[in-house]
Amino acid sequence: MKITRIETFLVPPRWLFCRVETDDGVVGWGEPVVEGRAEAVRAAVHVLADYLAGRDPLRIEDHWQVMATGGFYRGGPVLSSALAGLDQALWDIAGKTYGVPVHALLGGHVRDRARVYAWTGGDEPGELADGIAARVEAGFTAVKINASGRMPALAGPAAVAGVVDRIALAREALGPDRDLAVDFHGRIGAADARRILPLIAEFHPLFAEEPVLPDRPHLLPGVVAASGVPVAVGERLYSRWDFRPVLEAGVAVVQPDLSHAGGISETRRIAALAEVWDARLAPHCPLGPLALAASLQVAFAAPNFLIQEQSVGIHYNEGADLLDYVTDPEVFRFTDGYVARPLGPGLGVEIDEAEVRRVDKVGHAWRNPVWRHEDGAVAEW
């Protein structure tokens, strides 16, 4: 079996899919994308495709090593995301070739269902209560919110109180029997994190995500030590080497993104590395159906899995949602806050190829917002 064709598709609202075809008709799908930089990743996929053309798709590990380390310049979000989507597609081909889900090829499932959580934004606190109520009504037992909107450096009492009040409101809406995750999105610095985390401990967050920016792991030990709130990081880290310093800093939860951090192959290794530091795995996934399908394959094979992010109805999905591109949405049915183990071969999801080809003719040019402080300087979004 040889790879004969690799295609990419810009899929609204902000995704990129890749399709890998073999000479015996087996097709694998993946989702290589950097949100807001999809076109750059698309170009990188086609650069890597030059190497894969004509090769046996089942030599996944060898191909991963060549694509990840065969170039003198390596790593970073664009190259790692291009590699991630192609890796997903190769695992999809392998599972379809052998007639089993990918998690069976990773050693078999270690759980029968995986817990998932829902987003409800939080940039505007007035929308929180209704948003949480809707997620609870839908059966979710865990909800994640943004801790704040735009935050000034060394926030004053009003800004700090705004964060605490928002989290208190969310906890009240959820009650004591559901979990609340809080995402700081790198919007506060280490000093503010040390100040704020102890103030929200009484609301028992499942985790506090990205309290500092990902390029500052040297600041994490002080943040982790400031309170008993579990700290989570990882959506903007791309390899096991990136994760080592944050694990050494004492984070409780790692959040590699299957479409950024080298795909299924590397994320499985990151999960195993996290076990050494007693950290749990909660894959980042505010993306499309292929990223979620790949995440779930790892979730069912990783012993230290905690919970899975998913983007059905997320505030980013304007004009299209991930269920629009799958032929059988039942694979992503969430019941009582869980999703059942996927049983189909490969990634376990069938893509509506005709619809993907149709929307690619329109494409998209999604860009994240640019925020500014009151003095006009650029703020973290």
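A residue is taken as buried when its relative accessible area is under 20%, and in this predicted model Phe207, with a relative accessible area of 0%, is therefore buried. Tyr117 likewise counts as buried, at 2% relative accessibility. Tyr117 and Phe207 form an edge-to-face aromatic pair, with 6.3 Å from centre to centre and 70° between the planes. This pair links distant parts of the chain, since Tyr117 belongs to strand 4 (residues 113-119) and Phe207 to strand 7, 90 residues apart.

Strand 7 (207-209) is also one of the elements against which the buried residues of helix 7 pack, together with helix 6 (157-174), helix 8 (220-225) and strand 8 (231-233). In helix 7 (residues 190-200), the buried positions are Ala190, Asp192, Ala193, Ile196, Leu197 and Ile200. Viewed down the helix axis, these buried residues fall within an arc of 135°, so they line one face of helix 7.

Across the whole structure, ten aromatic pairs are found. Among them, Trp15 and Tyr325 are arranged edge-to-face, at 6.1 Å centre to centre and with 80° between the planes. Distant parts of the chain are again linked, as Trp15 lies in strand 2 (residues 15-22) and Tyr325 in the loop between strand 11 (308-309) and strand 12 (334-335), 310 residues apart. Trp15 is buried at 0% relative accessibility, and Tyr325 is buried with a relative accessible area of 2%. Together with Phe17, Trp15 and Tyr325 form one aromatic cluster.

The largest pocket holds about 650 Å³ of space. It is lined by 26 residues, of which Glu35, Glu235, Arg236, Asn368 and Trp381 are the closest to its centre. The lining of the largest pocket comprises eleven nonpolar, five polar and ten charged residues.

Terms used: Residues are numbered from 1 along each chain as its sequence is written. This is a predicted model: local features need pLDDT of at least 70, side-chain atom pairs count only at pLDDT 80 or more; totals for chains, interfaces and linings use all residues. Side-chain values use heavy atoms; hydrogens and water are left out. Buried means under 20% relative accessible area, exposed over 50%, partly exposed in between (1.4 Å probe, protein chains only). Helices (H or I, at least four residues) and strands (E, at least two) are DSSP runs, numbered from the N terminus. The arc is that of the directions from the helix axis to the C-beta atoms. Contact means heavy atoms within 4.5 Å. On a 1 Å grid over the protein atoms alone, a cavity is a set of points where a 1.4 Å probe fits but cannot get out, and a pocket is an open set with protein on both sides within 12 Å along at least five of seven lines; lining residues have an atom within 4 Å of a point. Grid points are joined across faces, edges and corners, and a volume is the space filled by probe spheres set on the points. Ala, Val, Leu, Ile, Met, Phe, Trp, Tyr, Cys and Pro count as nonpolar, Asp, Glu, Lys and Arg as charged, and the others, Gly among them, as polar. Rings of Phe, Tyr and Trp (its six-membered ring) pair if their centres lie within 6.5 Å; planes under 30 degrees apart count as stacked, over 60 as edge-to-face and the rest as tilted.
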